[in-house]
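User: Hi! I'm new to protein structures and would like to learn how to read one step by step. Could you walk me through it?

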Amino acid sequence: MNILIKSATIIDPNSDYNNTTQDILIENGVITKIESNLSNPNNYEEITLENLHISEGWFDSSVCFGEPGFEDRETIENGLKTAAYSGFTAVAMNANTNPVIDSNSDIIFTKSKASNHAVNLLPIGALTVGSKTVDLAELYDMHNAGAVAFYDYQKPISNPNLLKIALQYASNFDGLVCSFPQENKISGNGVMHEHITSTRLGLKGNPALAEELQVARDLFLLEYTGGKLHIPTISTPKSVALIREAKKKKLDVSCSVAIHNLALTDATLTEFNTHFKVLPPLRTKEDAEALIEAVNDGTIDMVTSDHNPIDVEHKKVEFDHAAYGTIGLESSFGALQSLFSTEKAVEILTKGKSRFGVAPVSIKVGNKANLSLFNPSTSYTFTKNNIVSKSKNAIFEDANLKGKVYGIVANNKIVLNS
Amino acid sequence: MSELSVNHLLGIKYLNEQDIQLIFETADHFKEVINRPIKKVPSLRDITIANLFFENSTRTKLSFELAEKRLSADVINFSSAQSSVKKGETLIDTVNNILSMKVDMVVMRHPNPGAGVFLSKHIKASIVNAGDGAHEHPTQALLDSYSIREKLGDVSGKKVVIVGDILHSRVALSNIFALQLQGAEVMVCGPKTLIPKYIHELGVKVETNLTKALNWCDVANMLRVQNERMDISYFPSTREYSQQFGVTKDLLDSLDKEITIMHPGPINRGVEITSDVADSKQSIILDQVQNGVAIRMAVIYLLASKIKQ
């Protein structure tokens, strides 16, 4: 692939060209020239787009694509297309498939499905067999096949001894163990955040306490075992405080937050709209503000869309019966830019890479082209027309977002959103 | 002519004060009707109503059916203790099947909070919520306020305590909204395990001492402990519950004033109130039941008149 990108403003603090507008020549997938006013020597494909900005390719640490088993919700192929159109060059895919991705061959299958694609698919293996949170899966074998982390998606590990053993065992090969922060006995049958809105709606509340108890427990375990722990999608200020303290003690812990937990609150649920039913639940305005602060100060390591396509049959039902989850790749950049500056949004979207084994590739001559292309200043209302996913369960439907994505250049391929 | 501000009765929180007054004034008229020798009016001869009860009910279902028949509506009944989802059919499909038989109004009881709100967004008929999980039971709250108005002359300025299992109670929530809308002061009283942690943010007082609560109030609305909604034990035994939160005649007599006792039924005699309290002159429990028919006639009549427009 040979292309010439014209007049692109580079957002990359690790590049000498940060905040300058340049032409970029890419030959066979490698950046060969960065200059203003480059000529097109060999009639290469030229990319000229309005107010074009580029950055290092973006990464999402938690997406679900449904394949194998839930292809009616999403397929790997269309999921990767969605990621590319949304500006992501790498996504870590959860193991919540059917069968669950819990073996070497499952990891190989997943990777083979994604080979030759512009987007890198990083498979997350299940931590336990069948994600039943009883017996450890073959973590080492999956690690060798390319699993970047081990996670029973949104299934808390109730047995503390199991997490203890998992952390100890995975530390032999520097494996990243993920633990969903929820104490199930406290969350009970809660379907939304326990607060004034849940009280008004008569819906069972899932209190912040359920998350905080589990985070505290997990950090105690980590202090005992050593190893690498990732706590996906935290949602309360006390969780942040606990993790901040753990980092001060030099524990090897990272955490993420879902974009919707930054941008939305439980007040959106007054009409029992199941698009807002997510896990962890949307919490209060004060919680969201504290989480944004923690993203800004770096306590929260990464922000994820927690992209989870759910078919309409599991959403267009009574609130108690509706499945948790929202799609989010398509709205990620626009939602982040509604909360942060362009530079910060880009930092957030590239920051989690190394934790999941993705090498950062900055915009420099000689480096592989791994780029996200976007226009940061377009404001628009996110509608069903903006959805690429097979499932349409978008928590940001009808929200006003800022910034549109053009696509990506990665793996010697170019994928542009029409 | 006055009309309701809403097309469905999904909960008290969707009504305004004028709506409540209109329902009460209409109920006054129907209460007079049901005490006539011929207890029936031909108002809704052209209306068909489906009573859909996805949860067990005896008195509410009877009360609605009687109200509908006394308005001369055609009535069909559908009862299923199992939720439609468990049978493999969605709620929308179940209701649309019934509506395709040309039904104008749906009265629905459902175990899930928000089921009525959800349905109202996807079907065309007018919906009356006859109780949705722990969310709302608006006609119960209306008949409760109506009964207070009848007994004490006015709801505004009155002090009402709701005693018992607030956590699992749609009656409590609807009553709080209705009473506050009419200017009453509301307190909830019960074991802390059965009071939602954030209920004070609704502007209600919270009390765990029954004697203090009864001394404060003009009216005590005693709720039934809803064992069927509990996933674990919220108190050790009914014996211990009634020791702390059961109203006895001795307790009533020890108060400085004569308070009014209400209960939405069914009563667990000897648990939340003793028999002599339930049957005392301070109790208006059977008045509530009679007013229930008049209130439900009023609600159905007012919603039907909006369909006809």
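Predicted model: local features only at pLDDT ≥ 70, side-chain atom pairs only at ≥ 80, totals over all residues.

User: What is the phi angle of A:Ser7 near?

Analyst: Here is the general idea. Most residues other than glycine have a negative phi, and most peptide bonds are trans. In this model, phi of A:Ser7 is near 45 degrees, which is positive although the residue is not glycine. A:Asp398 also has a positive phi, near 75 degrees. A:Asp398 sits in the loop between β16 (371–381) and β17 (400–410) of chain A, and at 56% relative accessibility A:Asp398 counts as exposed.

User: You mentioned peptide bonds. Which bond ending at A:Pro68 is cis?

Analyst: The bond from A:Glu67 to A:Pro68 is cis, with omega near 5 degrees. A:Pro68 belongs to the loop between β6 (58–63) and α1 (76–85) of chain A. Chain B has a cis bond too, from B:Gly265 to B:Pro266, with omega near -10 degrees. B:Pro266 is in the loop between β9 (260–262) and α10 (275–278) of chain B.

User: Now the interface. How much area do chain B and chain A bury between them?

Analyst: The size of an interface is often given as the accessible area lost when the parts come together. Chain B and chain A bury about 2000 Å² between them, and 60% of that is on carbon and sulfur atoms. On the chain B side, B:Pro113, B:Phe118 and B:Tyr198 lose the most area to chain A, together 26% of what that side buries. The contact involves 30 residues from chain B and 18 residues from chain A.

User: How many salt bridges are there between chain B and chain A?

Analyst: The count is one. A:Glu271 pairs with B:Lys121 in a salt bridge, with the closest N and O atoms 2.8 Å apart. There are also five residue pairs in polar contact across the interface of chain B and chain A, both residues being at pLDDT 80 or more. On the side of chain B that touches chain A, α3 (91–99), α4 (115–120) and α6 (170–181) each supply at least two residues. The largest share, three residues, comes from α4(B). The residues of that side of chain B divide into 16 nonpolar, eight polar and six charged.

User: Let's go inside the chains. Which residues have the most contacts inside the largest nonpolar core?

Analyst: That core has 111 residues, and those with the most contacts inside it are A:Phe65, A:Val91, A:Ile231, A:Val253 and A:Ile300. A second, separate core has 64 residues, including B:Leu4 and B:Met297.

User: And is B:Lys306 buried or exposed?

Analyst: A residue is called buried under 20% relative accessible area. B:Lys306 has 16%, so it is buried. B:Lys306 is part of helix α11 (residues 285–308) of chain B. A polar atom of the side chain of B:Lys306 lies 2.7 Å from the backbone oxygen of B:Leu4. Leaving aside residues up to four places away in sequence, B:Lys306 touches B:Glu3, B:Leu4, B:Ser5, B:Val6 and B:Asn7.

Methods. Residues numbered from 1 in each chain as written. Chains lettered and ligands numbered in written order. Heavy atoms only, no water. Contact = heavy atoms within 4.5 Å. Buried area = accessible area lost by both parts, 1.4 Å probe. Salt bridge = Lys/Arg side-chain N within 4 Å of Asp/Glu carboxyl O. Polar contact = N/O pair within 3.5 Å; in protein donor to acceptor, adjacent residues only side chain to side chain. Helix = DSSP H or I, 4+ residues; strand = E, 2+ residues; numbered from the N terminus. Nonpolar A, V, L, I, M, F, W, Y, C, P; charged D, E, K, R; others polar. Buried < 20%, exposed > 50% of the residue type's maximum accessible area, 1.4 Å probe, protein only. Core = buried A, V, L, I, M, F, W, Y, C linked by side-chain atoms within 4.5 Å.
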